[in-house]
Amino acid sequence: MIIEFLQMGGYGFFVWASFFIVTVSCLFLYYRARKTLKKYEKEFVKELESLPIKHKKRITKSSKVIGSILASQNKLS
Amino acid sequence: MDLFSFGNVIVYVNKLIKFINSIFFVILIIGLSFALIFSPVDYLQGDTVRIMYVHVPSAWIGISIFSLIAISSILNFVFKIKNLFLIVKSLAPIGLLFTCLSIVTGSLWGKPTWGTWWAWDARLTSMFMLMVFYILFIFSFKYFKNKEYLPKILTALSILGIINIPIIKYSVEWWSTLHQPASIKFTGTSSIHSSMLIPLFLMLLALLLYCALIFLMKYKTEIIKIKKQNIKRL
């Protein structure tokens, strides 16, 4: 029954290749998008760390974007 | 307008990413089960019809994203809305991926049904042209850094590219093509049975959720890039 399912009535190569290509391509784009996002988040935090403490505290409190980035970075570490 | 400030937008983006992550795999597994196991075999094409469940949603997504990109580019050119530029930049790679996937899976479907991997017929050629427009869009983002010229180039590409969209849609009616006419009609009766239509829409939903997830991640990256450039001025 499993072999029959894999053979797909003799068209297994075409059916499985289609689903395989879609899966691999989607995973690749997801990996690239996530990697780039994490890279920029890390760089942003690094830059934030280099600021004077007073300035850093002020903008961390006032900016939702910075709060969100710091929250996601804390989750990672 | 404060509702659309980057600070508020990023809060919604994070919430949406969490929501999509929580439902995506359930819908994908249900969609794949129907597409590969429960949906019936076509009386003429046999099991090759299962390729439809990835081919058709990919093509629809590729075409829809280009329409969205083109309209956004034109609106950005006219009204200079920065958010639209970020949306276009984040959507273009997703549209390219799905257009390429529709061409590749179409080719894999074409070989057993038509006996050839590729034919320069109207539908296939117009989809190929759509892929070329996407590539031009992405190249423009990469190589034209001048903020004055880029919106003009994107608008020109949008106007040229949007002409191709009705050609894709009606190519199977205007010309005699290898590609079959549309089986699913939004106005009128579809010639596809519900046992195949349900898995098709489930797979479309799963792929749309995937697109939304990638778009939100890319959009968030673009916001961080802007904030990083302006960090010292905050």
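Chain A has a radius of gyration of 23 Å. A compact globule of 77 residues would come in near 11 Å. The extents of this chain can be read along its principal axes, where the C-alpha trace spans about 70 × 20 × 20 Å. Keep in mind that this is a predicted model.

What builds chain A? Four helices and zero strands make up its secondary structure. Starting at the N terminus, the order of elements is α-α-α-α.

Chain A exposes about 5,300 Å² of accessible surface. Carbon and sulfur atoms account for 65% of that area. As for burial, 38% of the 77 residues in chain A are buried.

One surface feature draws on both chains. Which residues form the nonpolar patch on the surface? From chain A come A:Ile2, A:Phe5 and A:Leu6. From chain B come B:Val26, B:Ile30, B:Phe34, B:Ile37 and B:Phe38. Together they present about 760 Å² of accessible area.

The patch can also be traced to helices. α1 (2–7) of chain A and α1 (6–38) of chain B each supply at least two of its residues. Which element gives the most? That is α1(B), with five residues. B:Ile37, one of the patch residues, is found in this helix α1 of chain B.

Last, the confidence scores. Chain B averages a pLDDT of 91, and 97% of its residues score at least 70. For the model, ipTM is 0.91 and pTM is 0.91.

Definitions and conventions. Residues numbered from 1 in each chain as written. Chains lettered and ligands numbered in written order. Predicted model: local features only at pLDDT ≥ 70, side-chain atom pairs only at ≥ 80, totals over all residues. Heavy atoms only, no water. pLDDT = per-residue confidence, 0-100. Patch = residues over 30% accessible without salt bridge, like charges linked within 9 Å, V, L, I, M, F, W, Y side chains within 5 Å. Areas by Shrake-Rupley, 256 points an atom, 1.4 Å probe, with all protein chains shown as cover. Salt bridge = Lys/Arg side-chain N within 4 Å of Asp/Glu carboxyl O. Rg over C-alpha atoms; globule rule 2.2 N^0.38 Å. Buried < 20%, exposed > 50% of the residue type's maximum accessible area, 1.4 Å probe, protein only.
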